[in-house]
Amino acid sequence: MLVDYLIVKIPADILWIAWTKPIRLRILLCMLHSLQYTYQLAEKANLPVPDDYKEYVSRIDNLRATWFDLHQERFAMLEELTERVCELAGYLIALVDQVLSEQASSSGTSPSAHGKSDSRCVSPWQYKNALNIAAASRWISDAIDWPNPASFQNVLSLYASVSPALRDYLEAQGFNVRSDWNGGPWGKGLKLHAKAMVDYAEKALAMGIPPQKYIALGYPGINTNRPLQLKRNLSKLIKMLR
């Protein structure tokens, strides 16, 4: 589940919402808040995550609670927190990439060759490079092309081994899911999670709900006609989007 969130939600969805006008403020604030759940998943996996993420979650909660009491400074605060959450997500992606790569290598699975890439995953992975690609794709195609570490394909390959339909879907999305990695110490749990995902998708589709839309359900939009002018590195990347 941790890898799932890092692939589709944080920071890719956050960037999409922050770089789109009008901004769906309520959804963006909720997604920033969800950083704590992603980091809690990492803690449960015994990954060495820093505690400073809790400070930013607290600041996000305070911004949510006092939004209508603040004035122009609320946008500056939102810009800063959006940037910092993306950076924290980038740190977590790099950490998970390192752990997965080491585990796959120790289990005999051939790691992705240095410099190898496909349409969705790259090796080696760096946050700044991924951010550059995302910003460029947003300008060129009006979409977010967020590259993931090649090691993430090992997890997706394990998912694909559970369901032919899931394999077809992942391959259609541009992922290479032909790894023979057995999941190591997480194999059994990952396969159970994949089966649960397939069961959920079938039930959601039967009710007419696209499974990938579950994050936004129940959050009405509060819109603004201005984009976020994210500071430092991010602001330089999206000047062309203004």
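User: In this predicted model, what share of the contacts with a separation of 6 or more comes from residues 24 or more positions apart?

Analyst: In this predicted model, such residues account for 72% of the contacts in the protein with a separation of 6 or more.

User: How should confidence be read, and which elements have the lowest and the highest mean pLDDT?

Analyst: Where pLDDT is low, the predicted coordinates should not be read in detail. For this protein the mean pLDDT is 78, and 77% of the residues reach 70 or more. Among the elements, strand S4 (residues 223–224) has the lowest mean pLDDT, 43, while helix H5 (residues 53–66) has the highest, 92.

User: Over which residues does pLDDT stay under 50?

Analyst: One such stretch is residues 111–117, for which the model has 12 contacts beyond four places in sequence. Over residues 235–242 the pLDDT is also below 50, and this stretch has 15 contacts in the model beyond near neighbours in sequence.

User: Which residues of helix H4 are buried, and where do they lie around the axis?

Analyst: In helix H4 (residues 35–44), the buried residues are Leu 35, Gln 36, Thr 38, Tyr 39 and Ala 42. These residues are on the same side of H4 because they cover an arc of only 160 degrees around the axis. H4 is followed by Asn 46, whose phi is positive, near 65 degrees.

User: How many of the residues of H8 are buried?

Analyst: Nine of the nine residues of H8 are buried, and therefore the helix is largely enclosed by the rest of the structure. Among them are Phe 152, Asn 154, Leu 156 and Tyr 159.

User: Ser 151 is found in the loop between strand S3 and helix H8. Is Ser 151 buried or exposed?

Analyst: Ser 151 has a relative accessible area of 6%, so this residue counts as buried; the cut-off for that class is under 20%. The loop that holds Ser 151 runs between strand S3 (148–149) and helix H8 (152–160).

User: Which residues are in contact with Ser 151, leaving aside neighbours within four places in sequence?

Analyst: They are Asp 97, Leu 100 and Ser 101. With Asp 97 there is a polar contact between the two side chains, at 2.6 Å.

User: How is a pair of aromatic rings described, and how many pairs does a search of the whole structure find?

Analyst: A pair of aromatic rings is described by the distance of the centres and the angle of the planes. The search finds five aromatic pairs in the whole structure. Trp 67 and Phe 75 form an edge-to-face pair, 5.6 Å centre to centre and with 80 degrees between the planes. Trp 67 is buried, at a relative accessible area of 6%, and Phe 75 is buried as well, at 8%.

User: What is the arrangement of Trp 181 and Trp 186?

Analyst: Their ring centres are 6.4 Å apart and their planes stand at 55 degrees, so the pair is tilted. Trp 181 counts as buried at 3% relative accessibility, whereas Trp 186 is partly exposed, with a relative accessible area of 34%.

User: Which residues do ring pairs link into a cluster?

Analyst: Ring pairs link Trp 125, Tyr 127 and Trp 146 into a cluster.

Technical notes:
Residues are numbered from 1 along each chain as its sequence is written. Side-chain values use heavy atoms; hydrogens and water are left out. pLDDT is the predictor's confidence in each residue, from 0 to 100. Helices (H or I, at least four residues) and strands (E, at least two) are DSSP runs, numbered from the N terminus. Contact means heavy atoms within 4.5 Å. Buried means under 20% relative accessible area, exposed over 50%, partly exposed in between (1.4 Å probe, protein chains only). A polar contact is a pair of N or O atoms within 3.5 Å; within protein, one must be able to donate a hydrogen and the other to accept it, and residues adjacent in sequence count only if both atoms are side-chain atoms. The arc is that of the directions from the helix axis to the C-beta atoms. Rings of Phe, Tyr and Trp (its six-membered ring) pair if their centres lie within 6.5 Å; planes under 30 degrees apart count as stacked, over 60 as edge-to-face and the rest as tilted.
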